[in-house]
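Below is a short briefing on one model, grouped by topic.

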Amino acid sequence: MLGNSFGRVFQVTTCGESYGWHATAEDAGYGGSLFAIINGVPAGIKLDVQQIQDECDKRRPGQSPIDSPRLETDRVNVVSGLFEGVTTGAPVGILINNVDTQDIHINQYRDVKDVIRPGHAEVNFFHKYGEFGDWCGAGRASGRETVGRVAAGAVAKQILADEGIEILSHVIESHGIKGKSVSEGTLSFEELKENYRKNDLNCCDLEAAEKMLADLSEVAKAGDTAGGAIEVVVRGVPAGVGEPVFDKLKATIAHAICSIGAMTGIEFGAGAKATHMLGSEWNDQPVVEGGSVRWTTNHAGGFLGGMSTGEDIIFRVAVKATPTISKAQDTVDMTTMEPKQLEAITRRDITLLPRWYPVAEAMTALAVVDGLFMTEAWYGMNKKLDPKWRAMTKPRNTGDYTK
Ligand SMILES: Cc1cc2nc3c(=O)[nH]c(=O)nc-3n(C[C@H](O)[C@H](O)[C@H](O)COP(=O)(O)O)c2cc1C
């Protein structure tokens, strides 16, 4: 399998599957793990391992009635690159064991291992790995794979926090029920912080969250699942991060987010609304504020030319409904090429949203830290550049938009 690494300077490689290493009849026991190996972590950082654990705990299943009941402890083990609590500059290795790998669930997957599960990735695993693919719990295509990303993202978040950069994500829509959002100007960044993780969905519009949760319990009773949307806000990124052509920061973030399973769309700033806006409405207009170039609106979502403007980076992501549902669906058996009916009994999330936003935060952190390191490398190479150009726009770290 190719493509298990992300990043150019701050480079993360993950491995591991939903259940992982399976026993044969002669070789008893199960016990896979998820790994993240991070190259490019600077030396001398006092890494807070509890904070890595806290980030992984946000994503952990089995925390509420809308989550998959799989009981993974997701205990984080930092196994390299850290000496007496401080990074050494060597690769940071993080190991997380799968612990809830019971026969009853493995056999449920075994029963349908040759059948295409609608909405799932395995049909392409058949095309790429034939009969050798891991069929248990979706193997490497499982949402479980994302715990390694969250662990690595937590390291990135600590580096970014030292630079005054915060990344927060929350749920803004579930099954057509909309909540307030920063991008629409109906929720301030401060309210987002205040209401962060106050309910099972992490919808920071608390009234809308109640409606969403009531609706999701009906969806669950019907044996179905629901889609929705999250919003990500990054505050404090200096202007000029990202490269102007293929390695735009916007493109790196899109790559990071599009690599998470179940996403169906991403829009930055005013996003799809741009299709019906005039140039005079869409253009964010610059002003000088406290000696710095600022924009009074942020339709661009924090980017111009794909590089950061110093304003908040804001984007929304549409996330599809969990593919596993317990209603009968038509499908095909890949070994017999005969039609089949499938009615899932395996464990699943009713909505992916509360599991998804921590992964979105982590992948955004990886994209931003990598972009930032690239930008630092560029400035390091350009000693003739007057630093005044760099200092002209300070990153937004207070206040919201006036319009
Ligand atoms: C954190 C996370 C948890 C997930 N949990 C489940 C789940 O419990 N059941 C399920 O059917 N899909 C789950 N998925 C979604 C599938 O992994 C994904 O839809 C599938 O691999 C197909 O990929 P695609 O939707 O990008 O085409 C989860 C995804 C993520 C990111």
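The shell around the ligand divides into nine nonpolar, eight polar and four charged residues; Ala, Val, Leu, Ile, Met, Phe, Trp, Tyr, Cys and Pro count as nonpolar, Asp, Glu, Lys and Arg as charged, and the others, Gly among them, as polar. The model is predicted: local features need pLDDT of at least 70 and side-chain atom pairs count only at pLDDT 80 or more, while totals for chains, interfaces and linings use all residues. Residue numbers start from 1 along each chain as its sequence is written.

**Ligand shell**
- Of the 21 residues around the ligand, those that come nearest are Gly 143, Gly 261, Ala 262, Thr 324 and Arg 355 (a residue is near if its C-beta atom, placed from the backbone, lies within 6 Å).
- Helix 9 (residues 353-381) supplies the largest share of this shell, three residues; helices (H or I, at least four residues) and strands (E, at least two) are DSSP runs, numbered from the N terminus.

**Nonpolar core**
- The largest nonpolar core has 79 residues, and Ala 151, Ala 152, Ile 230 and Leu 366 have the most contacts inside it.
- Such a core is a set of buried Ala, Val, Leu, Ile, Met, Phe, Trp, Tyr and Cys residues joined through C-beta atoms within 7 Å; buried requires 20 or more other C-beta atoms within 10 Å, exposed 12 or fewer, and partly exposed lies in between, with C-beta atoms placed from the backbone.
- Leaving out residues up to four places away in sequence, Ile 230 touches residues including Ile 172, Val 319, Leu 353 and Trp 356 (contact: C-beta atoms, placed from the backbone, within 7 Å).

**Sheet 1-2-3-7-4**
- This open sheet of five strands has antiparallel pairing, where two strands pair if DSSP finds at least two bridges between them.
- Strand 1 (5-6) and strand 4 (76-80) stand at the edges, each with a single partner strand, so one side of each has no neighbour in the sheet.
- Six bridges pair strand 3 (residues 33-39) with strand 7 (residues 92-97) in the antiparallel sense, and Ser 33 stands opposite Asn 97.

- Two bridges join strand 8 (residues 166-174) to strand 9, with Ser 174 opposite Ile 177.

**Positive phi outside glycine**
- Glu 84, in the loop between strand 5 (82-83) and strand 6 (86-87), has a positive phi of about 50° and is exposed, with 6 other C-beta atoms within 10 Å.
- His 175, in the loop between strand 8 and strand 9, has a positive phi near 50° and counts as partly exposed, with 18 C-beta neighbours inside 10 Å.

Key. Contact = placed C-beta atoms within 7 Å.
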